[in-house]
Amino acid sequence: MKIALKRRSPLSWWGKILLPIGAILISVIFSSLLIIWAKGNVVEAWYYIFVGSLGSRFTFLETLIKMTPLIFTGLAASIAFKAKFWNIGAEGQLYAGAFAAAALGILPLNMPSYLHIPLILIGGFIAGGALAFLPGYLKVKYKVDEIVCTILLNYIVIYLLGALLDGPWRDLKSGWPHSPIIHESAKLPILASRSRFHLGVVLAFIAVAIVYVLMEKTIFGYQIKIIGSNPSAAYFGGIPLYRTIVLLSFISGGLAGLAGVCEVCAIQYYLVNDLSPGYGFFGIAVAMLANMNPIGVVFSAFYFAVIITGSQVMSRMTGVPIYLNEIIQGIALLSMVLMLLFDRYKVQIKL
Amino acid sequence: MGIENYIIAFLISWLSASIRMSTSIIFGTIGELYHEKVGVLNLGIEGQMIIGALVGFLVTKITGNNLWLGVVAGGISGSLISLILAFFAVSLGLNQHVTGLGLTFFCTGLSYFIYRIEIGFPKVHPTIESFSTISVPIFSKIPLLGSILFQQCSLVYVAFVIVALSSFILYRTSWGLRIRTVGENPTAADTAGINVFKVRYLSLIWGGFLIGLGGSFMSLAIFNSFIFGLTAGRGWICLALVVLGKWKPWSCMIAALFFGTIDAFQLRLQALNINLPYQLLLVLPYVATIIALILASKQAMSPASLLKPYRREE
């Protein structure tokens, strides 16, 4: 068998939309095979995934809540990947943001909400940004590989927070390893009754708009794209590589940090070690499925929120292991990278 | 009998544990080396080690504690994953970062998924009877060194043989020349009549075998069981170690031993029950790796075709 690839002009906008749809279809088919292997009923399993995530007002709002951190980590990954800066550290950056949120939320600042919340948002952004700044700086200054560096920092941050929660921050009242509860003024307001639908969901959409403008309408966004698509042209074209990468890594980490802020200030109200079921890693798949497009991130974050929320219900009802959602995440990445081939190439298979 | 004996006992147990902890990392690092030498970055390594650990464990369990069958099966599972990577990255020339990450998520999820299907939710994780240690005659009688180096299980010796063999293959045989040429200049290799695709495929399959083997060593010789999250990022560490080892087998082995020594040190300290949160000790190997990467970064010279797909048509 021989596979021949012929270059051709990129697909039109509607063709580009078909690519993630194709990737989703592949991952649905493949995960259905796994459901059969786990002796589950395929129709029943997908029924529970959709009903469990979209079936009622409450579950729909829960899905939107799960979508929020995914939008932030998805944006974080998409702007970084656009410049071929492989930030795999969104999980650690999320926890750094969560740490800052909890620290600032516990402090008895006696502030009104409208000052306390912006302070926490800025603090969380800076904490997450600082953690990503380090690998960005090490990359441009010492040529240290950012993939390894960001991944190792994930482990470092999560272990250090574990030490903090087992030690100085252990909640004395409950004895559980979680931080004390944040003040009322630090909690993000709930926007819909009888739910956890919070201000962070709105903030996520605002972040999408800001990132869109940043990427499409500013020189900075243009520079990022050039660095990603043609580094030597960027270099000879006089784009400040050093400054752009460092600033980009900071913004990317900051966005991931905001995901952590939302989880602390709107969901848990304290810092715990299992705050995130891997939102940082899901962000990579979110960004890829959106083909790094900020608007697309909303849709792919919604898709993965459905999978994460729905698979919990599905697993409880059918006994199919919950790890199916991690497999779907992996297959979505693999099938999307495969589908992107069709954007630029005509694929001919000769037998 | 005094404090000296105590220190000597600590040193022996620490250093011999270092060798054991290093072994799976040596396999993983050399396996990754075979990928990068032909120009393919394998970010699937973390998941590949987990799936190697699972397959090795399950096969050993099913065959009535046949450890060697488990090890080989773990290796084959690693080869199969590298074969997928080869199809994506070599045949189709797709993005190696995304393919690798996708493979890691896929393998990790699949391993836990299979464990839940096959083993379920046991209160205590089922274990296997691990390898017995083999004392090398004469050498194991050397004071100190003997008990550190020559009283290990057989797979440990295999790891060192693989390092020597890899150095020989890569720098003393025509196969090694082909591998290095493909990694440095695929166009020149093609012109010289070397089948770039075949060399890449074979190198990846063999490298994947070693990575899977390294994973199965974790479940079969370190933990004697399959524990969720048992690799704890050691696959990612292998990526760093290839850089630290400057893409040379012996240097990679030294880098792996360095990491294993720190890893075993923090485990020993945990066992001593000193008054420190254990997480502060767990952090040590990761911090050490980042510092080492910064120090080594100046001379880092990766194979020239790393990350670059080769397409004849263009």
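Two residues are in contact here if their C-beta atoms, placed from the backbone, lie within 7 Å. Keep that cut-off in mind; the model is a predicted one.

I'll start with helix α8 of chain A, residues 219–229. Which of its residues are buried? They are Gln223(A), Ile224(A) and Ile227(A). Looking down the axis of α8(A), these buried residues fall within an arc of 105°, so they line one face of the helix. In general, an α-helix has 3.6 residues a turn, so residues three or four places apart point the same way. As for partners, the buried residues of α8(A) pack against α3, α7 (199–217), α9 (231–236) and α10 (241–268) of chain A.

Just past the end of α3(A), Lys84(A) has a positive phi of about 55°.

Now the contact between the chains. Chain A contributes 41 residues and chain B contributes 41 residues. On the chain B side, the elements that each supply at least two residues are α3 (67–91), α4 (96–118), α10 (234–244), α12 (278–282) and α13 (284–296). Which element gives the largest share of that side? That is α4(B), with 15 residues. Sorted by class, the side of chain B that touches chain A has 27 nonpolar, eleven polar and three charged residues.

Conventions. Residues are numbered from 1 along each chain as its sequence is written. Chains are lettered from A and ligands numbered from 1 in the order in which they are written. This is a predicted model: local features need pLDDT of at least 70, side-chain atom pairs count only at pLDDT 80 or more; totals for chains, interfaces and linings use all residues. Helices (H or I, at least four residues) and strands (E, at least two) are DSSP runs, numbered from the N terminus. Ala, Val, Leu, Ile, Met, Phe, Trp, Tyr, Cys and Pro count as nonpolar, Asp, Glu, Lys and Arg as charged, and the others, Gly among them, as polar. A residue is buried if 20 or more other C-beta atoms lie within 10 Å of its own, exposed if 12 or fewer, and partly exposed in between; C-beta atoms are placed from the backbone. The arc is that of the directions from the helix axis to the C-beta atoms.
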